[in-house]
Amino acid sequence: MAAVSVSARRFVSRSVGCLVRTQQHRTAVRTTSGAILPKPKKTAFGLVRIMMVVAPFLYVGTLISKNFAALLEEHDIFVPEDDDDDD
C-alpha cells in the first residue's frame with residue numbers, strides 16, 4: 001500500500017508542477033574556483049512584442065462587444081432611441 005501512495009505522490013507532484021509555472025532564477029554568482037559568472041541573458045520586451053499581444057486581444061474584444069450589442073438589439077433588450085432633432 002505504501003508503493004501506491006508513493007506513486008500517487010509522484011503523479012500529483014508532476015501534475016502540479018506542470019500547472020504551476022515558476023520563474024526560474026539563478027542563485028549562484030560565482031563558480032567553485034571563485035570566478036564570477038557572466039550575467040544571465042535578458043530577453044528584451046520591446047514595443048513590437050507588446051503590440052503583438054495587445055492588438056489581437058483588442059480585436060477579439062471589439063468583435064465580442066459588437067456581436068453582443070447586436071444580440072441585445074435583436075431581442076429588444078436594449079434598443080437605442082432615435083432622437084429627432086426636428087424642432
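**View 1. Overall fold of the predicted model.** Residues are numbered from 1 along each chain as its sequence is written, and side-chain values use heavy atoms, with hydrogens and water left out.

**View 2. Confidence along the chain.** The mean pLDDT (the predictor's confidence in each residue, from 0 to 100) is 76 for the protein chain, and 66% of its residues reach 70 or more. Over residues 16-20 the pLDDT falls below 50, and this stretch has zero contacts in the model beyond near neighbours in sequence, a contact being heavy atoms within 4.5 Å. Where pLDDT is low, the predicted coordinates should not be read in detail.

**View 3. Helix 2 and the residue that follows.** Helix 2 has 28 residues and reaches 40 Å from its first C-alpha to its last, close to the 40 Å expected at 1.5 Å a residue, the expected span being 1.5 Å times one less than the number of residues. Just after helix 2, Asp76 takes a positive phi of about 55°, although Asp76 is not a glycine. Most residues other than glycine have a negative phi.

View 4. Phe45 lies in the loop between helix 1 (2-19) and helix 2 (47-74), and counts as exposed because its relative accessibility is 60%; exposed means over 50% relative accessible area, buried under 20% and partly exposed in between (1.4 Å probe, protein chains only). Asp76, at 61%, is likewise exposed.

Definitions and conventions: This is a predicted model: local features need pLDDT of at least 70, side-chain atom pairs count only at pLDDT 80 or more; totals for chains, interfaces and linings use all residues. Helices (H or I, at least four residues) and strands (E, at least two) are DSSP runs, numbered from the N terminus.
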